Amino acid sequence: MNGKIIHDGIHGSMKLTGLILDLVKTPEFQRLRNIRQLGLAYLVYPGANHSRFEHSLGAWSIARRLAAEVGLSEDESMLLQVGALLHDIGHGPFSHTFESIYKHYVKEHDHMRLGQDIVLGKVNITESWNGGQIPEIIEDYGYDFEPADVANLILGKHEKRYLGQMLHGDVDVDQLDYLVRDAHYTGVAHGIIDLERLMKVLRIHDGELVVDEKGIEAVEGMMVARSLMYSRVYFHHTVKIAEGMLTRALEFALEEGHLWDFWKMTDCRVLVELEDLEGFPAEMVRRVKYRELYKAAVLANADELSTEEKRELLTAYRNVRRRQEIERALADAVGAREGEVILEFSIADLMLSEPRLKATEINVLLDDGSIQPLTRVTPLANALKRRQTPRWAVLIASPGEYVPKLRETWRKVLFS
């Protein structure tokens, strides 16, 4: 069968044929070339310029290998491969950067729901091109699944539980690729995992994905890597400050009636559109472009907050309007302009961007044939559940001149 060879920096040469190749050729998938996998992390880790396109191909490559290792049928294997390839098709510019405001400003309220709608042909994310071909391509190949099956699998839902677990579970093809890939391109060794071993120790048992007892260490290593990458890279406070600044610029534009289709844009396009608006959005874009970022005034960990304070912050962060009110109050208290003080709350952010982080419940197939949750078999899984990731819970940032006063007044403003 004819195909194309793509050379990947992580998985080597990958041969694309048939349905996979035709899906990769679509405008919707090609768009992912222009969306950075790690948002604004390149401002801290200069090598982090890899794209959602590369990661999606990597997740597909691992899915193909895993399907063969666990003995999936041809139709199940292809369903998993297509789900892995398209799992990030709904991502907006800078990946997770704007995730916190989707629900407030866009009815398709997160990248996974958008991805589902794209696969079903309900949303055309590339209107200037001949988009919307994905459901027809899937149907034309005549496999024993429909676009709706792919769309559900992207959300981790399938009547065969093990298929959902392979794409959206505690140990899945998405995480296996992004941990290795992000570690490589950031140069941070924490994300290195034993991918080859993991491929060999995953099994299907009684309709679910399990790990052999002999593979416990490989799973522990993956979970440690994931936890450390969130602390060191994904929630690095400077990365979150830059993302917060760009998010506030977009919020300002949306409130003024601009960029309502931002979720369809690529990284470069959203920067150009925001900069063209001038005023506050343009200032934020220029600050991000030339790395003149706000300074961290407050980095408080979860232990410094009472349960009631955490609950209050969680409520505020989930409500864009309430969070904006708090930021205005903080700015007023220190004499800053609106938009010059930003508040980030990592606990709420993690719930949006990575609900799997505290998940350690993959089952272990013991040598005697019994099944036990990972947390029963190794104390490390429980320790990782309790580990605070990242180390800060509350981040407040502003231009340097307001930092001292913010440190004095933030608690009073937030919790009085």
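**Helix geometry and packing**

A: The model is predicted. Helix α13 covers residues 237-255, and at 1.5 Å a residue its 19 residues should span 27 Å; the end C-alpha atoms are 27 Å apart, so the two values agree. Of these 19 residues, 16 are buried, so α13 is largely enclosed by the rest of the structure. After α13 comes G257, which has a positive phi, near 90°.

Two helix pairs show how helices pack here. Helix α14 (residues 267-276) packs with helix α15 (residues 279-289) at an angle of about 135°, and their axes are 7 Å apart. Angles over 145 degrees would count as roughly antiparallel; α14 and α15 are therefore oblique to each other. Their crossing is left-handed. On the α14 side the contact uses L271, L274 and E275, and on the α15 side P281, A282, V285, R286 and K289. By class, the residues of this contact are five nonpolar and three charged, with no polar ones.

The other pair is helix α3 (residues 52-70) and helix α4 (residues 74-86), whose axes come within 7 Å and cross at roughly 160°. These two helices are therefore roughly antiparallel to each other. The crossing of α3 past α4 is right-handed. From α3, the residues in contact are S56, L57, A59, W60, A63, R64 and A67; from α4, they are S77, L80, Q81, A84 and L85. Eight residues of the contact between α3 and α4 are nonpolar, three are polar and one is charged.

Terms used: Residues are numbered from 1 along each chain as its sequence is written. This is a predicted model: local features need pLDDT of at least 70, side-chain atom pairs count only at pLDDT 80 or more; totals for chains, interfaces and linings use all residues. Side-chain values use heavy atoms; hydrogens and water are left out. Axes are lines fitted to C-alpha atoms, for helices over the stretch in contact, and angles run from 0 to 180 degrees between N-to-C directions. Helices (H or I, at least four residues) and strands (E, at least two) are DSSP runs, numbered from the N terminus. Angles under 35 degrees count as roughly parallel, over 145 as roughly antiparallel, 65 to 115 as roughly perpendicular and the rest as oblique. A crossing is left-handed if the near helix is turned anticlockwise from the far one by less than a right angle, and right-handed if clockwise. Contact means heavy atoms within 4.5 Å. Ala, Val, Leu, Ile, Met, Phe, Trp, Tyr, Cys and Pro count as nonpolar, Asp, Glu, Lys and Arg as charged, and the others, Gly among them, as polar. The expected span of a helix is 1.5 Å times one less than its number of residues. Buried means under 20% relative accessible area, exposed over 50%, partly exposed in between (1.4 Å probe, protein chains only).
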